[in-house]
Every structure is written in structure tokens, then in C-alpha cells.
Amino acid sequence: MAGNNTNTPASESRNNTPGTVQEMLYKVLVIGEFGVGKTSIIRRYTEGYFSPNYKLTIGVDFALKSLDWDERTKINLQLWDIAGHERFGHMTRVYYKYAIAAIIVFDLSRPTTFESVLKWYIDVNEKVMLADQQPIPVILLANKCDIDDSTFDKSSLEDFCKQHKFIGWFETSAKLDKNIDEAMQFLVSHILKLSSEGQKRDESAISLEDDPLEDDEEEVQPQEERKPSGCCS
């Protein structure tokens, strides 16, 4: 794939002294069409609640989630909530910089949002890759399964993910808190597996001293004000 925005090497932790806790920072993209529920999923995961009145994301927003993965490892996930209308825009290359994984979301009640999944997937693969030049892992979330008319063929979706090399997919609902934690646990486990199999963690994680927000501080700023929009489950 023709991506040229590779992740830079970074230190594994602040302190490698035996017995100390290693802190890892991973940047994860959350992308997909407008209104599929990206913000709702992020808020449910990071803050533990759902609101039917989230406002439209303009540009990009950020959220953090800290995980005590084991007694020696603390993982800090930096989730980048990228607006659906930013698809394939010139700024997406800036937004994607340093990402170690991506989540693509579509709305089960709106089939047209699934039609754009592959376009988002290709866009990511063309603009960012791991330090070893491999594609970043991508997981697919079939969101809003709580809506009555949200039907889909699970076997077809399974085949789609295998064909296009998604690492997996989950049927989710931010409203009902269904499979959100499970999907994130699966994604983080895969990231760590890649690190242990192909490279040291300090080649695929960004140290806390090398925060990716600092590099693009003048180019990308979290939104201060958003316009209201409809409900996103």
C-alpha cells in the first residue's frame, strides 16, 4: 500500500526499572460516516454514559482512556473522533499521523453507511502504516443494533472482513452498552500481540513525552463549539 506516514520509534516507558509500571500511549482513530455513532461509542467507553443529544463533531475531537492492563503495564488510549464529513479531505493525513490502529463504524439502520466502509479503510491504509511498513490493524463496528429495523447478514459481514483483512468486527450499541468494552479489549490485545510478534513496544507506541498532539498543535485543535445534530446511538 502506498502510505508514507509511518509511526516514529518512541521509548517504551518512562522507567524500565524492574517492578515499575510501564505506561504506553496508543493513538486510535475512530472513523466512519456522519451520524453512525462514533462520538456515542467513545463517550460510552471513556465516560460510561450515553446521551441521545450529542452534538455534531466538527473536524476532530479527542478522548482519553486509561487501562491498567496488568500489574506492570498501564495503557493510555488516545481516541481521535474524526467527523464523517472529513472523509478523504486534505486534513485526514494530519489527523491520521502516528495512529497505531483504527475503528471504522457504520450504522446498521442506514445501509448506505456500510457502503462507505471500504472507502474509509482504503483511505487509512494509504495515509498511515506501522513502523515496519505493515497496515495498521482495523476493526469494524456494526453500531446501533438496538434499533428494531437494524438487520444484517452476519455471515456476509464475516466474509467481508476476512476478504479485506479487518482484524475483526463487533455488533455494538452505545445506547445499551453492548460489546463496546469487548471490542476495545480485542483491539488492544491485537495491538500488543503485534508488538510482541514483530517488534518491541517502543517501535509501535508513542511515549508519554512524545505526545502526538504536540507535533500538530498549530494544525489541529480540539473543537470548542459544535452545532446540534440528531441522535446517534
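**Figure 1. The buried face of helix 5.** In helix 5 (residues 154-163), L157, F160 and C161 are buried. They span an arc of only 95° around the axis, so they sit on the same side of helix 5. On the other side of helix 5, K162 and Q163 are exposed. This is a predicted model. The buried residues of helix 5 pack against strand 4 (101-107), strand 5 (138-143) and strand 6 (168-171), and also against helix 3 (111-115) and helix 4 (117-127). Just after helix 5, K165 adopts a positive phi of about 65°.

Figure 2. E158 belongs to helix 5. Is E158 buried, partly exposed or exposed? Its relative accessibility is 34%, so E158 counts as partly exposed. Along the sequence, E158 and G168 are 10 residues apart. In space, their C-alpha atoms are 8.1 Å apart.

**Figure 3. Two buried cysteines.** C161 is one of the buried residues of helix 5. Its relative accessible area is 4%. C145 has 15% relative accessibility. The cut-off for buried is under 20% relative accessible area, so C145 counts as buried too. How many disulfides does a search of the whole structure find? The search finds 0.

**Figure 4. Strand 3 and its two partners.** Strand 3 (residues 73-82) is mostly covered, with 9 of its 10 residues buried. Strand 1 (residues 22-32) pairs with strand 3 in the parallel sense, over 9 bridges. Here K27 has Q78 as its bridge partner in strand 3. Strand 2 (residues 60-70) pairs with strand 3 in the antiparallel sense, over 10 bridges. V60 has I82 as its bridge partner in strand 3. Strand 2 and strand 3 make a hairpin, with 2 residues between them.

**Figure 5. An edge-to-face pair, F62 and W80.** The structure contains 6 aromatic pairs. In one of them, the ring centres of F62 and W80 are 4.4 Å apart and the planes meet at 80°, so the pair is edge-to-face. F62 is in strand 2 and W80 is in strand 3, so the pair ties together parts 18 residues apart in sequence. F62 is buried, at 15% relative accessible area. W80 is buried as well, at 1%.

**Figure 6. A stacked pair, Y121 and F166.** Y121 and F166 form a stacked aromatic pair, with 4.5 Å from centre to centre and 25° between the planes. Which parts of the chain does this pair link? Y121 lies in helix 4, and F166 lies in the loop between helix 5 and strand 6. The two residues are 45 apart, so the pair links distant parts of the chain. Y121 has 9% relative accessibility and counts as buried. F166 has 7% and counts as buried. Both residues belong to one aromatic cluster, together with F106, F114 and F160.

**Figure 7. The largest nonpolar core.** In soluble globular proteins, nonpolar side chains tend to be buried together. The largest nonpolar core here has 60 residues. Those with the most contacts inside this core are L29, L77, Y96, I103, I104, L140 and F166. Helix 6 (residues 180-198) gives the most to this core, with 7 residues.

Conventions:
Residues are numbered from 1 along each chain as its sequence is written. This is a predicted model: local features need pLDDT of at least 70, side-chain atom pairs count only at pLDDT 80 or more; totals for chains, interfaces and linings use all residues. Side-chain values use heavy atoms; hydrogens and water are left out. A nonpolar core is a set of buried Ala, Val, Leu, Ile, Met, Phe, Trp, Tyr and Cys residues joined through side-chain atoms within 4.5 Å. Buried means under 20% relative accessible area, exposed over 50%, partly exposed in between (1.4 Å probe, protein chains only). Helices (H or I, at least four residues) and strands (E, at least two) are DSSP runs, numbered from the N terminus. The arc is that of the directions from the helix axis to the C-beta atoms. Contact means heavy atoms within 4.5 Å. A disulfide is a pair of cysteine sulfur atoms within 2.5 Å. Two strands pair if DSSP finds at least two bridges between them. Rings of Phe, Tyr and Trp (its six-membered ring) pair if their centres lie within 6.5 Å; planes under 30 degrees apart count as stacked, over 60 as edge-to-face and the rest as tilted.
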